[in-house]
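Biologist: I'd like to learn how to read the contacts in a model like this one. Could you walk me through it?

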Amino acid sequence: MRVNFTVNGRPQEADDVWEGESLLYVLRERLGLPGSKNACEQGECGSCTVRLDGVPVCSCLVAAGQVEGREVVTVEGLADYAKERACGHRSPEGQDSQTGEGTELAPIQQAFIDAGAVQCGFCTPGLLVAADEMLERNPNPSDADIREALSGNLCRCTGYEKIMDAVRLAAARQGEAV
Amino acid sequence: MDFLRPASWEEALAAKAEHPTAVPIAGGTDVMVEINFDHRRPEYLLDLNRVGELTDWEVGEDSVRLGASVPYTHIMEHLRGELPGLALASHTVASPQIRNRGGVGGNLGTASPAGDAHPALLAAGAEVEVESVRGSRRIPIDEFYTGVKRNALAADELIRAVHVKKADGPQQYSKVGTRNAMVIAVCAFGLALHPETRTVRTGIGSAAPTPVRAKAAEEFLNAALEEGGFWDNGKIITPSVAKQFADLCAASCNPIDDVRGTASYRRHAVGIMARRTLTWTWESYRGTAATTEGAA
Ligand SMILES: Cc1cc2nc3c(=O)[nH]c(=O)nc-3n(C[C@H](O)[C@H](O)[C@H](O)COP(=O)(O)OP(=O)(O)OC[C@H]3O[C@@H](n4cnc5c(N)ncnc54)[C@H](O)[C@@H]3O)c2cc1C
Ligand code: FES
Ligand code: FES
């Protein structure tokens, strides 16, 4: 079947999609967007987290056909998404580079780098999407809020402390900016 | 495989009537795991995401009509006052990402003994509104679970909503697992005080082939509370009564040994949760009873 939906602000059409295929598979294998990671395919790890109509979900558990006509934001589009949020409007075209290369990083991405929250990096895309959404909803999160918001994202490397640091850093910078 | 995308409830019922083997998919948090791991290859997937009314809820006089696909996140955020037991149970489900997609309709569809909505629904009192092209009916929650992962739905029926009694007293939900997030219950316990009818209802998860109420324990406690005038005098429940209640709850389980826990551990834990949830809710009832008296 064919699925039409919007990814990172751009209309996309995926062809020859198998009816039982996940959104994650479509993004990675059909649209050339490998940012969302496939680690468990059962909702346990969160490394495939994307936003579906703004809501963080595990893309491995969304059937491709369910996204027809809807909007998806992946880690590749996070920088643009954050920029548009900051200036309060959406650029009509979407970004030039589909895979997010050559664009400035989103504040949450920069914070992860600055805090040393990335080791092997496999969990990072999902964490970035989840953390960015939390900061959008809750600009002054407590540590408990951060833990709760990231409780669906597993990391096997960092022990989470640096990830906590990164989110606190992003929140602090966001606070300074306004 | 075919992917059916009804745009309305009527279309969904018509599709299910035409293809009774079609597997409905709402949040997909159970269905997609089975497909990803090749445990299930349905001929038809019936997508319910476009049926908007399934994500609506209405707060009525006595009950909340909760659309089958209302995600757990919304129950936690918007229905904590009306459905405190279910809101607490919802908060223990998996992770934010799963709670943003999954809902009570899917939990009832799967009918796993470990599903977190079930003990809360049993304790609060609920009816499942199901419909087919033949018509609509309401299944009392006590009759809904018919076996391990089996429910009372006919092949052409879909779940439209759950009618859950609005809380008229304190409710609690308790769950045993190895960590706080992303954990399937080793066992779980829901308890609701119903001061209007002077009854206590319970729900037990993961400790029998289906979610169950501890009916003998409820009957014992209802009689003991009545006899001692507890609903009126608001006294602390006698420890021997609480203990007997807990023992009867443990006895009403029919658990198995599995990777998550042994049968005897489950029975023990259910007893502990029964005593604790009774103590918590009763303390809270006494608190509110005292305030109303003071205010009157
Ligand atoms: C990582 C992970 C962790 C989990 N942790 C928990 C947990 O802690 N507690 C818990 O209770 N569950 C847990 N689950 C299971 C799952 O999230 C819940 O059962 C959830 O309520 C399912 O809802 P859904 O909308 O996603 O269902 P779906 O997967 O869409 O459907 C589930 C079943 O219900 C049927 N169905 C759905 N809607 C209808 C309808 N309207 N009418 C008739 N049939 C219908 C489907 O055909 C299917 O058989 C977990 C799942 C995952 C992946
Ligand atoms: S790959 Fe989707 S949650 Fe792990
Ligand atoms: S950095 Fe390796 S899994 Fe998180």
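Predicted model: local features only at pLDDT ≥ 70, side-chain atom pairs only at ≥ 80, totals over all residues.

Biologist: Why quote an area at all?

Modeller: The size of an interface is often given as the accessible area lost when the parts come together.

Biologist: Okay. Where are the bounds of domain 1 and domain 2 in chain B?

Modeller: Domain 1 of chain B covers 2–165, and domain 2 covers 171–295. Taken over C-alpha atoms, the centres of these two domains of chain B are 25 Å apart. Their contact draws 26 residues from domain 1 of chain B and 29 residues from domain 2 of chain B.

Biologist: Now the pair of chains. How much area do chain B and chain A bury between them?

Modeller: About 2300 Å², with 56% of it on carbon and sulfur atoms. If you'd rather count residues, 29 of chain B are in contact with 33 of chain A. On the chain B side, B:Phe3, B:Gln97 and B:Arg101 lose the most area to chain A, and together they make up 26% of what that side buries.

Biologist: On to the ligand. Which residues are closest to ligand 1?

Modeller: Ligand 1 has 37 residues around it, and the closest are B:Pro24, B:Thr29, B:Asp30, B:Tyr72 and B:Asp116. Residues from both chain A and chain B surround ligand 1, so the site is shared between chains.

Biologist: How do I pick out polar contacts there?

Modeller: Look for pairs of N or O atoms within 3.5 Å. Here, an oxygen atom of ligand 1 sits 2.6 Å from an N or O atom in the side chain of B:Asp30. A polar backbone atom of B:Ala26 is 2.7 Å from an oxygen atom of ligand 1. There's also B:Lys175, with a polar side-chain atom 3.2 Å from an oxygen atom of ligand 1. As for cover, ligand 1 on its own has 980 Å² of accessible area, and the protein covers 94% of it.

Biologist: Which elements of chain B give two or more residues to the shell around ligand 1?

Modeller: They are strand E2 (23–25), helix H2 (31–36), helix H6 (104–110) and strand E10 (158–165) of chain B. H6(B) gives the most, with four residues.

Biologist: And what is the make-up of that shell around ligand 1 by class?

Modeller: It has 19 nonpolar, 13 polar and five charged residues.

Note on methods. Residues numbered from 1 in each chain as written. Chains lettered and ligands numbered in written order. Heavy atoms only, no water. Near = heavy atom within 4 Å. Polar contact = N/O pair within 3.5 Å; in protein donor to acceptor, adjacent residues only side chain to side chain. Areas by Shrake-Rupley, 256 points an atom, 1.4 Å probe, with all protein chains shown as cover. Nonpolar A, V, L, I, M, F, W, Y, C, P; charged D, E, K, R; others polar. Domains from an automatic or database assignment. Contact = heavy atoms within 4.5 Å. Buried area = accessible area lost by both parts, 1.4 Å probe.
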